[in-house]
Amino acid sequence: MFERHKGGDDAILVCLDFGEIDFQDAREEFIELVKSAGLNPLLVIEGKRQRPDPAYFSGSGKADEIAEAVLANEASLVVFNHQLSPSQERNLEKKAQCRVIDRTTLILDIFAQRARTSEGKLQVELAQLAHLQTRLIRGWTHLERQKGGVGLRGPGETQLETDRQLIGIRVKRLKDQLVTVQKQRATQRKQRGRTGQFTVSIVGYTNAGKSTLFNALTKAKLYVADQLFATLDTTSRKLYIDADHSVVISDTVGFIRDLPHSLVAAFRATLEETIEADVLLHVVDINHPMRDSQIIEVNKVLTEIGAEHIPQLMVFNKIDQRDLAAEIERDELDKIHSIKLSALRGEGLNLLREALIEAMNQTVKEDK
């Protein structure tokens with residue numbers, strides 16, 4: 001019997017089509033996710049189904065194909081671009097004789113790699129444990145000896161016992177610590193509220209250019225890379241727009257389709273910066289072929305965390321890649337709806353500052 005706890009870098013990917021109109025885009029995004037986790041994708045196995053198979057998710061025939069591909073390519077890992085039940089995961093592992101993980105585990109692992117602040121690490125561990133609680137089966141008996149690997153970072157490296165009771169104790173402790181973080185953030189927000197400080201949160205799909213925009217506006221030095229979830233931890237800076245106007249602006253974690261609910265719940269303390277903002281800068285990669293569906297996915301998460309009521313300014317980024325002009329677009333009521341700009345080149349940042357001043361003045365009018 002294989003050892004489930006050993007991770008590996010060479011992976012067989014499984015991406016099934018259940019009739020989604022954006023299947024190919026989801027497939028390409030999945031490959032980027034796998035690469036972002038530091039894995040080497042050897043092969044993508046595809047197939048069409050009307051509904052998941054209860055035992056193997058992919059169906060027994062496709063499971064046999066996966067097992068053959070693992071053997072032929074000497075792969076050490078199978079990654080599904082779908083959420084698997086514990087029993088499906090277990091059945092597939094028996095069939096393929098290697099470790100099998102799902103999309104949720106993959107994203108959790110990327111978050112575990114990227115979290116830098118103590119708060120971020122707390123949130124990731126909480127999400128990992130919430131996911132792990134559903135998978136406490138005999139295959140986890142060696143977890144205390146594991147050395148890492150996709151889906152195995154974080155709690156395993158601290159030699160965390162997998163007993164449900166001990167995990168429950170750890171989860172409670174993490175939640176208590178995050179409550180403390182929430183109280184600290186609430187105190188900071190109250191202080192800003194007393195001074196009448198206008199607050200702005202940058203939101204958007206992962207890799208849309210949020211951190212690049214934040215850096216361009218504030219001259220900060222957040223890590224920026226052309227990869228999914230390059231940065232996780234929320235950072236806030238004071239931005240002086242002109243002599244009479246300033247805002248506190250925050251860069252937040254990027255969103256993605258099918259973002260695990262456990263992550264949304266765990267990152268609620270961080271995302272409360274978004275909930276309390278006066279305006280959201282919704283950054284969109286103007287060149288992405290599925291930008292409209294990405295906007296929908298971001299708005300889904302905003303609704304889930306209770307931020308759907310906050311006014312948005314759409315920021316269509318990366319105009320430099322198509323030689324488009326920076327401009328402001330207004331709606332039928334002459335209110336600014338969106339700004340086209342290039343955060344990388346700084347084109348259109350003056351227009352964004354104008355839009356923020358207009359949003360601030362509009363908020364003052366409404367308050368009166």
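Visitor: How many aromatic pairs does the structure hold?
Guide: This is a predicted model, in which local features need pLDDT of at least 70, side-chain atom pairs count only at pLDDT 80 or more, and totals for chains, interfaces and linings use all residues. Residues are numbered from 1 along each chain as its sequence is written, and side-chain values use heavy atoms, with hydrogens and water left out. Rings of Phe, Tyr and Trp (its six-membered ring) pair if their centres lie within 6.5 Å; planes under 30 degrees apart count as stacked, over 60 as edge-to-face and the rest as tilted. The number of aromatic pairs held by the structure is 2.

Visitor: What is the arrangement of the rings of Phe18 and Phe57?
Guide: The ring centres of Phe18 and Phe57 are 5.7 Å apart. Their planes stand at 75°, so the pair is edge-to-face.

Visitor: Is Phe57 buried or exposed?
Guide: Buried means under 20% relative accessible area, exposed over 50%, and partly exposed in between (1.4 Å probe, protein chains only). Phe18, at 23%, is partly exposed. Phe57 has 6% relative accessibility, so it counts as buried.

Visitor: What is the arrangement of the rings of Phe57 and Phe80?
Guide: The centres of these two rings are 6.1 Å apart. Because the planes of Phe57 and Phe80 lie at 90°, the pair is edge-to-face.

Visitor: Which residues do ring pairs link into a cluster?
Guide: Phe57 pairs with Phe18, and Phe57 also pairs with Phe80. The cluster linked by ring pairs therefore consists of Phe18, Phe57 and Phe80.
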